[in-house]
Amino acid sequence: MTMLHIDNLNVWFGSGRDRVDAVKGASFDVGAGESFGLVGESGSGKSTILRAITGLAPTWSGRIAVDERTIEKTRARAFYKQVQMVFQDPYASLHPRHSVDAVLGETLQLHGFKDIDARVVRLLDDVGLGQKFRFRYPHQLSGGQRQRVAIARALAPEPELLLLDEPTSALDVSVQAEILNLLADLRQEHGLTYLMVSHDLSVVGHMCDRLAVMKDGEIVEIMDVADLRVMKAAHPYSQHLLQASV
Amino acid sequence: MTEQTLRQWLLTDTPTSRRHAKLSALYQGWLAFRSNTMAMIGLGILLALVLIAAAAPLLAPHDPFVQNLGNRLAPLGSEGHLLGTDSLGRDILSRLIYGARITLYIVALVALIAPIVGLLVGTVSGYVGGWVDIVLMRITDIFLAFPRLVLALAFVAALGAGIENAVIAISLTAWPPYARIARAETLTIRSSDYISAIKLQGAGGFRIITKHIWPLCISSLIVRVTLDMAGIILAAAGLGFLGLGAQPPSPEWGAMISEGRRFILDHWWVATMPGLAIFTVSLAFNLLGDGLRDVLDPKAGE
Amino acid sequence: MDTLLDIENLWVKFPTRQGIFDAVRGVSFTLGRERLGIVGESGSGKSMTGRAILRLIRPPGIVEADHIKLDGVDLLQKSEKAMRDVRGERISMVMQDPKFSLNPVMTIGDQIIEAYRLHNTASKSEARAKALEMLEAVSIRNPERVMRAYPHEMSGGMGQRIMIAMMLIPNPEILIADEPTSALDVSVQRQVLDIMDKLVKERGMGLIFISHDLNLVADFCDRVLIMYAGRIVEVCDADKLHDAQHPYTRGLLNSLPRLNAPRDRLDVLKRDPAWSDAPSVSGRV
C-alpha cells in the first residue's frame, strides 16, 4: 500500500521573470510504514517538496496523494491529522512565549481532542521528556529537548505520515543519536511512515529504507539504502555526493 | 524542596504548574527591570502621579476652582500658596494636583485607543498581505503625511473643543506609527517556523494573529507607547494651550500654561509650574520606556 | 617546532543571577605552525576559547589567564588599542556564517581593498591588484566579477572563501577558524578546507580549527583538543582520533551513524559527572 504518492510535482516561487523553479517533475512513492529519504545539497529542492505536501508552498502542480486520496490545493483539517512535520531548527519552531504545555495543549485542542491533560502527559512521556518539562518555556530547554517537544507536537494529532525536515542538523552528534533513536522507536510503536530530508548521507543511511537523490530541483536517482552502503550509485552526481561524504 | 524560599520558587527553571511558570516569568522580568535605576525612577514618578491624582482632594490645600481676586498672582512661597496663585487668585499647587487627574485620563484613553487600533491594522495588514495590505498601508500613509498637531486641530475644529475630542484627535493621529511597527514585526514573525507549525495543525488566520502574533508584537508596542507618552502629553498640552483641549476653568496643565502666558514676563511662575509638571511626567515616561525596552524587547535581550 | 601561541590556565567567566558561570575552565595549550583542532559539543567552551584569545569576549564576560603569549608577548597585558593591531594583523578569525561578517551595502571588492589599505600603505590600484590576487588565491574563478558583486549575491561557499581571502590580506601568523564550513554543503566544504590547508602550508601559519565535526577534524587537522564542559578532556594526534581513549571522545565517535556499519540503534552518550570535575588536560607540546 502506498502512503504517499507524488507524481510529476513542480514547485515554483514568484512569477514572470522572477520565477524560480524549485522542484521540477519529481515523482516517487513511499509505502505505508516505510522510511524514505530525500538527499541533496542546499537549494536542491528537497525541503520544498515537504513544504508543497503540507501546503506551506502554495504554488505547485502535479499530483500528491496521501493514503490514495489526492490532495487538493486547500487542505482540510483532516489532512493535518494524517500528515505532520518536524522542522529543522528547534530554536525557531517553538513559539518563544508559549510553554510546552501551551504548545501541546493548543495542538490537541485544534484537533478536537477532549482529554487534553492526559494526552499532554502521555505525549511528553512518549518523547522521553517527562512531566517536569511540562510548564517550561522554550528558553528553559536545550536544543535536543526542544526538538523532542516539536516531535511531541507533530505526534499529537496521531498522524500516519511524518515529514522530517533535517530534524537533527542543528543538534550535537550525541543529541542527534538520541533523537534518531527516538524517531526509530516512535516509528515502530506507532507504525509511522517517514519522509526524511537530510544533507547527511549517513543519517539517511541509518534511518531510511530507500532514498532519492536530488540536484537542482530534480530527482536524479532513487536507490535502496543497501546500494548506498556499498557505494553503488548509478548517477554520477550521486557518486560524487557519496565520495564527498565519506 | 520544602525549605526553599519564595525567591527560589520564583526563580526556578522547573516550574510545576501553569501559574507557577507565569509568575516565574513575571518575576524574572521584574528583576531585570529593577536593575535599571533610571527606569525605576521613572516608575516611581508615575506611581507618585497616580497616587497624587487619586488622593487629590486630600492633598490639595485649596479648592482649585475658588477664585480670590484680592490675592491674584501671588509669588512662590507666599502664605498658604506654596506655588503662588494665578491670574484669578486660584492656588497653583492645588490646580496642578487636580490637573494630574486630567493628564492621567488623557494618557490612559490614548494608550487604550491608539496602540490597539495600530496593532489591529498592522497585524492584519502584515499577515493577510495582498490588496488588504496595500489598502491599509496607504490609509496609514495618509494619516502619517499630516503633521500631528495640525491633523488634531482639524479634528477638534470639526468635533468641537473638549478633552474627549482632544483625546480622540490625538489617538487618530497617533496610531499609524504603531500600525507600521506591528506590520513590520508581523512580516518577520509570519514566515517563522513556529507559525508554519501551527498552520500545520489547521489553525486559522484569526487564531494565528490573536494567539501567536499579538503576544510577540505587544511588547515592542508597549515600549513604543511609553516612549511616545511624553509626546502625547505634550500634544494634549499643546491643544490645551491653543484653547482646543480642556476648557477653562479645568486645571489642565497645557491650558494653565496658556493662561499664564499673558503674565510670563512679570509673573513667570504661573506658566512655569505647570510646564515643570509636564516636563517631569514626560521624562518619567521616557525613562520607564527605556527600562521596559530592556526587559520586553525580544531583539535586545538574549 | 616553534611555538606561536602559548596559553596557560585560561578561564572565561560570565556573571549571572545564579552566580558565576565558567564557560572555559583553566585551559592550557600551545600552537605551533600546525593545524590544531578544537572539538566539542555546543556549550563545551570551544568557541569561547577562540574568542578569548583575541579578547573578543564582551563584558560582562571576563577573560582570565596566567598568560596568553603571542611570540612571547602576553596579550592580556596589552591595551585595547594595541589589541586592535593584533586582531587581523597577526591573528585573524573566520566565523561560521560569512553573511554576518561582510558589510551588506559595500561591494566585495571595496571591502577587500579597504581591509588591505587599513593594514598597508598602498595606492588604490595597488590594493586592487592585491585584492584580485587574494581572490585568486582562494580559488575564485572570476575575481573581476566577484569584486563588483555585493555579499548577498554570493553563495555560502563563495562568501566563506571571500572571508578567508580578507582574513589573509594582512598575512597573519595565526588563523582562528570557528566552524568555518558547517554552513556549507559537503562538496563545497572540501574545497574551502583545501584552500585553508594550502595557505597554512605555504605561509607557515598556525591554524586553530574549531568544529563540532569529529570526522572532519580527524581528517583535516594535525592535533586535536577535545573539550567538555569548559575543560580539555583529551589531547591526541588527529590521525589517532578514532583510537581515542577518553569515554567522552569514544561516546561521541560511537554516536555517529556510519554508512558502512549499520546498526539498529545508535549508542547514546552517557555523561559521567567525573568528566567535568577532572582537571583540564594540558595541550602543550
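Arg35(C) and Asp197(C) are both buried. The model discussed here is predicted.

Student: How far apart are the closest N and O atoms of Arg35(C) and Asp197(C)?

Tutor: Arg35(C) sits in strand β3 (residues 35-39) of chain C and Asp197(C) in helix α8 (residues 186-203), 162 residues apart. The pair forms a salt bridge, and the distance between the closest N and O atoms is 2.3 Å.

Student: Is Arg35(C) buried or exposed?

Tutor: Buried means under 20% relative accessible area. Arg35(C) has 14% relative accessibility, so the residue counts as buried.

Student: How many salt bridges does the structure hold over all chains?

Tutor: One example in chain B joins Asp133(B) and Arg183(B), with the closest N and O atoms 2.7 Å apart. Asp133(B) lies in helix α6 (residues 130-145) and Arg183(B) in helix α8 (residues 163-190), so this pair ties together parts that are 50 residues apart in sequence. Over all chains, the count of salt bridges is 36.

Student: How many helices does chain B have?

Tutor: Read along the sequence, the pattern of chain B is α-α-α-α-α-α-α-α-α-α-α-α. The chain has zero strands, and its helices number twelve.

Student: What share of the residues of chain B count as buried?

Tutor: The C-alpha trace of chain B spans about 75 × 60 × 25 Å along its principal axes. Chain B exposes about 14300 Å², with 68% of that area supplied by carbon and sulfur atoms. Of its 302 residues, the buried share is 49%.

Student: In which helix of chain B does Ile116(B) lie?

Tutor: Ile116(B) belongs to a nonpolar surface patch with Leu112(B), Ile113(B), Val117(B) and Leu120(B), and together these residues have about 410 Å² of accessible area. Ile116(B) counts as partly exposed because its relative accessibility is 47%. Its helix, residues 92-128, is α5.

Student: What area do chain A and chain B bury between them?

Tutor: The size of an interface is often given as the accessible area lost when the parts come together. The contact takes 32 residues from chain A and 28 residues from chain B. In chain A, His95(A), Arg97(A) and Phe135(A) lose the most area to chain B, together 23% of what that side buries. Between the two chains, 53% of the buried area is on carbon and sulfur atoms, and the area itself is about 2500 Å².

Student: Which side chains meet in a salt bridge between chain A and chain B?

Tutor: The count of salt bridges between these chains is one. The N to O distance in that bridge is 2.7 Å, and the side chains belong to Glu106(A) and Arg207(B).

Student: Which element gives the most to the side of chain A that touches chain B?

Tutor: Elements that give two or more residues to this side are α1 (46-54), α2 (77-82), β6 (83-86) and α3 (100-110) of chain A. The one that gives the most, with five residues, is α3(A).

Terms used. Residues are numbered from 1 along each chain as its sequence is written. Chains are lettered from A and ligands numbered from 1 in the order in which they are written. This is a predicted model: local features need pLDDT of at least 70, side-chain atom pairs count only at pLDDT 80 or more; totals for chains, interfaces and linings use all residues. Side-chain values use heavy atoms; hydrogens and water are left out. Patches are made of residues with over 30% relative accessible area and no salt bridge: like charges are joined within 9 Å, nonpolar side chains (Val, Leu, Ile, Met, Phe, Trp, Tyr) within 5 Å. Accessible areas come from the Shrake-Rupley method with a 1.4 Å probe; for residues, only the protein chains shown count as cover. A salt bridge is a side-chain nitrogen of Lys or Arg within 4 Å of a carboxyl oxygen of Asp or Glu. Helices (H or I, at least four residues) and strands (E, at least two) are DSSP runs, numbered from the N terminus. Buried means under 20% relative accessible area, exposed over 50%, partly exposed in between (1.4 Å probe, protein chains only). Contact means heavy atoms within 4.5 Å. Buried area is the accessible area (1.4 Å probe) that two parts lose on being put together, summed over both.
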